[in-house]
Amino acid sequence: MECISVFDMLKIGVGPSSSHTLGPWRAAERWIKDLKDSNTFNQVEHITVDLYGSLSLTGKGHATDYAVMLGLYGADPEYVPIEDIETIIESIKSTNTLRFNNEIPIPFDPKTDIVFNRKFLPYHANGMIFTAVINGKKSSATYYSIGGGFVVTEERTVSKKQDAIFENTFPYPIRLGTELLAYCRQLNLPISGVVLENEKSIRDMATIDSELKRIWDTMLECMYIGCHTEGHLPGGLNVRRRAFDMHKSLKCDLPYDNPQEWLETIRKTEVKFRQILTWVSCFALSVNEVNAALGRVVTAPTNGSAGVIPAVIMYYMVIENHQADFEDIKKFLLVAGEIGSVFKKGATISAAMGGCQAEIGVSSSMAAGALCELLGGTPDQVLIAAEIAMEHHLGMTCDPIAGLVQIPCIERNAMGAIKAINAAELALGTDPKNVKVPFDKVVNTMWETAKDMSSKYKETSEGGLAVGVNLSDC
C-alpha cells in the first residue's frame, strides 16, 4: 500500500505553487540525479525543457520557468536564500548561461530553451520533458508534477506498481478513514498517536520532533513576515497586501522582536467575535501573500492552500489555548498530514486534476480534523470535522486570474480556515451514530466531482473568474 509520511504532505519550499513551482523544481533535481546515476551528467552539452498542459497555460503566472532554472542550477527550495533567487535568474538571463547543478556552465537561453506547449501529455495535466544533448545525441526524460510537490516519472505512470510511489511500509497502513479508526480502537490511541507510531517506524523521535518544529517555525515566520510587509504583490495585477493593514489595526502596543514574542503579544489582544474572524483571516492572508511573492512557505498540502493550516494553528494558540505548546502543534500536524494523505490516495490534491476543492478543500479538511482533536474530539469526531469541511468545498473551481496565485486564491485561504474552525465545532457537537455522510464517502465524491469537472476549471485560467474578470478591471 502507498505509505505517505506527514513530511511528504507538509514540505518546506518556495512559492507560489507546489504543483507548478516546487514540482518542476524537484523534477529538475530528479533529472540531474538520474543523469549522474547514468554517468552522463558531465557529457551534457545543451538542455531544453518542454512544459505541457496546465504547466504551460499558467506557467508564467506560477513562475514555472523560474522553478525549472533554479532546479537545473542546483538551488535547494528548502534552503536557498530568498534574496538570492532573483540574482540567480537574472544571471542566467543576462549571460544565456546556466551553471548546471552549479557545477558546469552550459549555454542556456530561457526564451528558447524553455518551451510552453499548450497540449497535454497523457498521464497528468502537469507534464514536462527534460532533454539533454549528450555527445551530439538527444536524451529525454518525462516527469509529472502531480500536486503538493510530488513528482513521478513517465516510467512510474505505466508501471504495474503505479500506486506504490512511496517505498516505506508502515506498521499500520492506511488508505481509508475506516481503517484509521480501526487502528485507533485497536491501539487505544487518538489519531495523532497512530500516525506517530507509523512515523516512528521510519524515523527516530528526535528527528520527528526537530523536523515538525522546523515546519512550524517556517509557518510562524511566514505569518510574521506577511503581517509585517507592506506594498503590492508582483505579477501585474497590482494586488495590495492586506495582512499588513489588518495586522496594524489588530495588534496591541506591546513590543516584540521575533515571531515567538509576537505570538505572545497577540494573546494579550482583545478577542471578540469580529476580532477572531479578522485575526484568522489575517494569518491566512499573510502566508499566501508571502507565497505569491515567491517567499518560503510550507506546502500544506499545496502552496496555493498553504495559509489554512498555519492560520488554524495560530487560532488555537492565541485564542483557544494560551498554554498551547509544541506538543499541541505536533499532534495537529500529525493529524492534518494523515487526513491529507487519505485524500492524496483516494482522490487528488492537484488543482490541475480536481480544481480548488483539491487544494483549499483538502487543506480545510486537514485543519478541521486536526483542530477537532486538540479541542477534545474523539477519532470519530475528527473525521466528522474533516468530512464537514470538504463537503462544503465540493465543486470549487480553480480559475486564477492571469494564472497568478493571487485572485481568488489568497482570499480562499481565509475562507478555508474559517470553515475549518466551524467544521471542528460542529463535529464536537455531533454524535457519530447520527452521521449521514461518512468521511470516506466525501473523499470518493470529491474525486468523482473532479473527474466530472470541465478542464476550464482545473488551473488552466480558461474559465470562471480567469476569463470573467478582465485585467483592466484589476
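This report covers the overall fold, the nonpolar cores, the cysteines and some backbone features of a predicted model.

## Basis of the model

Residues are numbered from 1 along each chain as its sequence is written, and side-chain values use heavy atoms, with hydrogens and water left out. Because the model is predicted, local features need pLDDT of at least 70 and side-chain atom pairs count only at pLDDT 80 or more, while totals for chains, interfaces and linings use all residues.

## Overall fold

The chain holds 21 helices and nine strands. Both are DSSP runs numbered from the N terminus: helices are H or I with at least four residues, strands are E with at least two. The radius of gyration is 22 Å, close to the 23 Å that the globule rule gives for 474 residues, so the chain is as compact as a globular protein of that length. That radius is taken over C-alpha atoms, and the rule is 2.2 Å times the number of residues to the power 0.38. Along the principal axes, the C-alpha atoms fill a box of roughly 65 × 50 × 45 Å.

Of the 474 residues, 58% count as buried. Buried means under 20% relative accessible area, exposed over 50%, and partly exposed in between (1.4 Å probe, protein chains only). The chain exposes about 18,700 Å², with 51% of it supplied by carbon and sulfur atoms. These areas come from the Shrake-Rupley method with a 1.4 Å probe; for residues, only the protein chains shown count as cover. Take the contacts between residues at least 6 apart in sequence: 75% of them join residues at least 24 apart. Contact means heavy atoms within 4.5 Å.

## Nonpolar cores

The largest nonpolar core has 114 residues. Such a core is a set of buried Ala, Val, Leu, Ile, Met, Phe, Trp, Tyr and Cys residues joined through side-chain atoms within 4.5 Å. W216, W262, I309, M314 and F332 touch the most other members. Helix 14 (residues 308–320) gives the largest share of this core, eleven residues. At least three residues come from each of domain 1 (20–145) and domain 2 (172–468). The domain bounds come from an automatic or database domain assignment.

F332 contacts I309, V312, I313, A367, A370, L371 and L374, leaving aside its neighbours within four places in sequence. Another core, of 39 residues, lies apart from the largest one; V49, M69, L72 and F130 are among its members.

## Cysteines

The structure holds zero disulfides. The criterion is a pair of cysteine sulfur atoms within 2.5 Å. The sulfur of C3 is 16 Å from the closest cysteine sulfur, in C184, which is too far for a bond. C3 is buried, at 3% relative accessibility.

C227 is in no disulfide either; its nearest cysteine sulfur, that of C282, is 3.6 Å away. C227 is buried, with a relative accessible area of 1%.

## Backbone features

Two cis peptide bonds can be located. One joins G15 and P16, with omega about 10°. P16 lies in the loop between strand 1 (11–14) and helix 2 (18–37). Another joins I407 and P408, with omega about 5°. P408 sits in the loop between helix 18 (379–391) and helix 19 (409–428).

N39 is not a glycine, yet has a positive phi of about 60°. N39 lies in the loop between helix 2 and strand 2 (44–52) and is exposed, at 64% relative accessible area. S461 also has a positive phi, near 60°. Its loop runs between helix 20 (439–452) and helix 21 (465–468). S461 counts as buried, at 17% relative accessibility.
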